[in-house]
Amino acid sequence: MNNTSPLLSVRNLKTYFNLDEGTVKAVDGVSFDVLPGQVLGIVGESGCGKSVTIKSLLRIVEKPGEIVGGEMLFRSGSAAGPGPNGQAGEDMIDLARLDARGKQMRSIRGGEIALIPQEPMAAFSPVHTVGNQLIEAILLHQPVGKQEARRIAIDRLREVGVPAPEERIDAYSWELSGGLRQRVMIAMALSCHPKLLIADEPTTAIDVTTQAQVLNLLRVLQQQHHTAIIFITHDLGVIAQIADHVVVMYLGRVMETGPVDDIFHHPKHPYTKALLQSIPSVQAQARTQLPTIAGTIPHPFNRPPGCSFNPRCPDAIPGACDQHIPALHPVDDPQPVSCFLYHDMVDEEVAVR
Amino acid sequence: MSTAKTSPALPQVEEAVPVVALPDLGREAEAIYVAPNWKLVWWRFKKHRLALISGVIIIFIATIALVPDFYSTLPPQESDAIRSFVPPQRPRFFGPNGEFMYVYEVTGQRNPTTLMMEWVADEAKIAPIKFFTPGYEYEIFGVIETDIHLVGLDNSAGVQKFHLLGTDRLGRDQWSRLMAGTQVSLSIGLVSVLLSIILGVLLGGISGYFGGWIDMIIQRIIELLQSLPPIPIWMALTAALPRNWSVEQVYFAITIILSLIGWTTLGREVRGRFLSLREEDFVVAARLVGASQARVIFRHMVPTFSSHIIAASTLAIPVMIINETFLSFLGLGMRPPAISWGVLLHEAQNLQSIALAPWLLIPGLAVIITVLTLNILGDGLRDAADPYS
Amino acid sequence: MNSNAPNGQVLLDVKHLQKYFPIRKGFFKRVVGHVRAVDDVSFDIKAGETLGLVGESGCGKTTTARCILRALKPTGGQVLFRTEADRLVDMATLPGEELRPLRREMQMIFQDPFASLNPRMNLLDIVGEPLLVNGLKDRRRRTERVAEVLGLVGLRPEYMRRFPHAFSGGQRQRIVIARALALNPRLIVADEPVSALDVSVQAQVLNLMLELQQRLHLTYLFVAHDLSVVKHIADRVAVMYVGKIAEIAPTPDLFGTPKHPYTAALLSAVPVADPRVRSTQPPLSGDVPSPANPPNGCYFHPRCPHVIDRCRTEAPVLTEISPGHYVSCHRAHELELPGIGELPAADLGD
């Protein structure tokens, strides 16, 4: 497998929700790549569409939402599906074209692409032991018997640092502390050696010291298993600590993407700059006023015309930014940005608004 | 402390604090922003077509219950020994002499073998019927005297009576009895639910708000009442009612008996709501600004679940209607000369009736329609009021 | 202008506060133990300053905040408050009728902007309720005051007729602040007021709070779990762990030279928004103990990298090791713990 060709390539993904009151364009033309073994951080505030993006990846978007455009090319081991050109022998499957409940998607989901959800408590069944659920996941994706699956499960628990795993495997989720639950969640996600791990705000609901443990664990495991990770969060500090590559989203579109150091030290997009300046930091001087981003995040029904950030942008160009939507450009650049301050390519696919 | 609250003299507000501008979406959005909760519920409810239709049907049935005599054609208690077991006379339209609506008069013959009257429609005799015709006298709400009915015979044809739903063994008009029965059945359902609400909110609220041993005692009472099998209890209680009580006395006794066990479900729900609401931030906030307990309960807690109670009650009414119908059907609830759907069905309870006069079972249809529409309405209300539960 | 204590005088003095919740088991609900949510907490706040109260889940900071306002009744200890009339009252033991008039001098800001506003009341009713309940029955004057307070937090008076569902999280939090300000309180207890808000909105609300403090001479008790937020708003910080105070110090001292190993661990665990600064220290091991069953001796000893025998048996006492800097650790004098240095403000982001 070529290490510079992407494991996952999302191109112009569009997921819309058709409500009575109107259509919410939750994801409106999002593109990014994930390389094998890379940690991609997706950062954005509420309404930016990061959750809907990963739900689209896993094909678990609930009605009335549906994927209306774009493609999600994934280098799957079960490559018997249509490649982007319909050629035989191509490894890439378009996840958008698979039947969401079909066999192939189900084998990918949990097997090759695993999810660590946000709330560890909500993801566990209160009437099954964690061992039950772990073994179930293993049996679903690997051709082993029950005894063997149990052995594998205990190994996984040990690997994520659960003390006395032979006993803990028979515990119920509510008997475990928040940190332990998250570890078991990680063990479940990694139990089938996925190529891609999606972590949906896995540290939002836990304490900061536990968060440090979990981030450390993820880093170690990621290096050991060479798993790619898509890490969703709104916490820029966490992104800085764990991501190799960053995608900044706002109101359903990618504003900027690039290597983590460039994004934090040489941000291009005005939104990225303003966001970085407005976060409180332990390194700042005490009791200083924070620079803020003027205005508030618009309601999804009230998208501004043109670039969605333009009403709040200190550098908006009247006549351009409020009329046309900038494309993510240049595509082969390591740090493309959706902003007319850097280029004047208009996004053709969403140009009509 | 002094009640004269003088505002402190603040320095002039320079726009140091940026004034937060909300999007001005025009008048339509503004209407949503200033809409109190009941309006939001109503808008959500309107989208539910089926519930809306059910609501209209229920309103119509309610008007029957309010003024049943208006819809009746003959006095419900009037019997006519000759005209027994007359089958329903179907209204037909556009008669030969230009009438809009008419029925065929029936002629009866006594069958020599069974000695029963057999009725045959006589197509020669046409009896036109019209809307808003005078008929027997009655009082609206016991106050206003009138004699106008919704439908009635046009006296020109010389026909005295017609029966839209036939007659029973004693020759009493079933349609009129059905109308009269609507009033009793529906009102018993409503009144017993009202009593249940009062008991449930009161006791459930006390239980949930104060907690401690009051809560424990009331909960144990609720559990006791809920563990009693309702049907034998009702049967025992109603059988214990003295036979010489008047219709009205029996009526009130039945409503009280039905609500005595019915309040427990609502009481539990109210208690649960109070318990969780007690710790809600906005309730704590109200206490912290100094609101009295009464204000916290009635201004903050009760309105929050009032829409839920309305929805739950609407769903409880059909249960009560079925309960009363069932008891009366067994002969244990309302008794003749009172008229309710259950009483009507009680009189249809023998094989002879079913074989010879199946139209006597139509009150069952009335029960089905009412219960169905009330359930749909209640579901719609609940979805509109509490979309997340 | 608040006719309050001249700046520098102690406004709130908490002494040995305790709040235990009984654990009941069995049919008769016998008490089998206690959850020691707040276990001997002492600190003071001077008029006009902000004290940050930080800690992780289960440390008791929210319970402490609620005990101070008497939303909960403390099990023990004193909460001495200097009233407007310059009397020192113990809020913890005050009977109900005397408590009500004092309520208007201290108010609370809550964490969840969606749960702290009654969805059935419009802004005029919500912000006007404190006024109505405390005797301002004249509707016109109430409306004027509500408009004034809404203007203070940056909301237009026309929004008085709107209901909470018309506003976003950050705007709702402003409404919550407006309600707290309606009665001109002197002390505001803020229980994680920005934790539920988006990053860009956090900054706006924090700025607003700083601004209001200056303008109205408010005193804040700011409860938070996020150290970066606390750094921006607090003059002094108190760190809590399983119901006890581990350390209290002025903000630059706490962040720069922490003296308690837990504080140091907390500081090093905060992810810095700079990829060039990746922590090399191993994270703190173990889990936070349950306040129903805390360890013997120093509560932190099972996880402490600097533990000695004495820590396992003897609980440390909060002592002052330098002016204004209090620690609860047996080894405070000898430990050199890493803190977080300050960078000049312009280094990040460009």
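In this predicted model, buried residues account for 52% of the 350 residues in chain C. The chain is built with ten helices and twelve strands. Its radius of gyration comes out at 21 Å, close to the 20 Å that the globule rule gives for 350 residues, so chain C is as compact as a globular protein of that length. Taken along the principal axes, the C-alpha atoms of chain C fill a box of roughly 70 × 65 × 45 Å. What about contacts that reach across the sequence? Counting contacts in chain C between residues at least 6 apart in sequence, 66% join residues that are at least 24 apart.

Chain A can be described in the same terms. Ten helices and ten strands make up its list of elements, and 51% of its 353 residues are buried. A compact globule with 353 residues would have a radius of gyration near 20 Å, and the 21 Å of chain A agrees with that. The C-alpha trace of chain A spans about 70 × 60 × 45 Å along its principal axes. For contacts in chain A between residues at least 6 apart in sequence, the share joining residues at least 24 apart is 61%.

Next come the places where chains touch. Between chain A and chain C, 43 residues of chain A are in contact with 47 residues of chain C. On the chain A side, the elements that give two or more residues are α7 (208-225), α8, α9 and α10. Of these, α7(A) gives the most, with six residues. Sorted by class, this side of chain A has 18 nonpolar, 19 polar and six charged residues.

Chain C also touches chain B, in a contact that takes 39 residues from chain C and 31 residues from chain B. Here the elements of chain C that give two or more residues are α2 (96-102), β6 (106-109), α3 (123-133), α4 (139-152), α5 (169-181) and α6.

Back in chain A, helix α10 (residues 270-278) is worth a look. Eight of its nine residues are buried, so α10(A) is largely enclosed by the rest of the structure. Among the buried ones are Pro270(A), Tyr271(A), Leu275(A) and Leu276(A), and the set also includes Thr272(A), Gln277(A) and Ser278(A). Which elements do the buried residues of α10(A) pack against? Within chain A, the partners are α8 (236-242), β9 (245-250), β10 (253-259) and α9 (260-265), and they are joined by α6 (199-216) of chain C. So the surroundings of this helix draw on two chains, with chain A and chain C both supplying elements that its buried residues pack against.

Two of those partners, β9(A) and β10(A), pair with each other in the antiparallel sense over six bridges. Within this pairing, Val246(A) stands opposite Gly258(A) in β10(A). The two strands form a hairpin with two residues between them, and in this hairpin Leu251(A) takes a positive phi near 50°. How enclosed is β10(A) itself? Six of its seven residues are buried, so this strand, too, is largely enclosed by the rest of the structure.

Conventions
Residues numbered from 1 in each chain as written. Chains lettered and ligands numbered in written order. Predicted model: local features only at pLDDT ≥ 70, side-chain atom pairs only at ≥ 80, totals over all residues. Buried ≥ 20, exposed ≤ 12 C-beta atoms within 10 Å, placed from the backbone. Helix = DSSP H or I, 4+ residues; strand = E, 2+ residues; numbered from the N terminus. Contact = placed C-beta atoms within 7 Å. Rg over C-alpha atoms; globule rule 2.2 N^0.38 Å. Nonpolar A, V, L, I, M, F, W, Y, C, P; charged D, E, K, R; others polar. Pairing = 2+ DSSP bridges.
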